[in-house]
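Here's a quick look at how this chain is put together. Have the viewer open as you read.

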Amino acid sequence: MINPALTSLYILIVLFVIFYLNKDKLKEIFIKLNKYGGGKYVKICPKCGSLKIRTDFSNPVVWAYGTAVKYRCDSCGYLALIFPEVLKNEINHYKKGLKKRLEESGIKGKKEELADASTGFFVGVWEVIIFIILALIFLILLTISVYFKPSLLG
Ligand SMILES: [Zn+2]
């Protein structure tokens, strides 16, 4: 006689192992989908946190020789070759960090900090999703087994 509760537990363990073995591959796909899923990255001013970034054509050399285009912040006038790009749903997170850094010291934020923060965020989300899926599967299997085998309760 097969114990439904035990069977569901075995299925859960097998599923978890499958997920765990393919963790890196799945994570990669997940990150790619977020990255290329419709231009979710936006340029943000590292000085004031404004999103109004324009391509600066004030330099006539750009037109004549096609040298690297500069970007200009509309709010504070900050001019740079490279502006940090942040995911749309991470703008608030970035702004918070920017404000904190400015309060602590007058030094501009490092690029490495940005990259680390975004990676950690997505790994965290991924883990939460896996946990929720596994928890749901377990609950469904448990409900089914209890429903079909009421004798288990007694
Ligand atoms: Zn600015």
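E2 and strand E3 (residues 70–73) pair up antiparallel, with 4 bridges between them; pairing takes at least two DSSP bridges. Helices (H or I, at least four residues) and strands (E, at least two) are DSSP runs, numbered from the N terminus. Zooming out, 3 strands make an open antiparallel sheet, ordered E2-E3-E4. Its edges are E2 and E4, each pairing on one side only:

| Edge strand | Residues |
|---|---|
| E2 | 53–56 |
| E4 | 79–80 |

This is a predicted model, where local features need pLDDT of at least 70 and side-chain atom pairs 80 or more, while totals for chains, interfaces and linings use all residues. Numbering runs from 1 along each chain as its sequence is written.

On confidence, pLDDT is the predictor's per-residue score from 0 to 100. The protein chain averages 75, and 70% of the residues score at least 70.

Now for Gly49, in the loop between strand E1 (41–43) and E2. Why does Gly49 count as buried? Because 20 other C-beta atoms sit within 10 Å, and the cut-offs are 20 or more for buried, 12 or fewer for exposed, and partly exposed in between, with C-beta atoms placed from the backbone. Skipping neighbours within four places in sequence, Gly49 contacts Ile44, Lys95 and Leu98; contact means backbone-placed C-beta atoms within 7 Å.

Key: Two residues are in contact if their C-beta atoms, placed from the backbone, lie within 7 Å.
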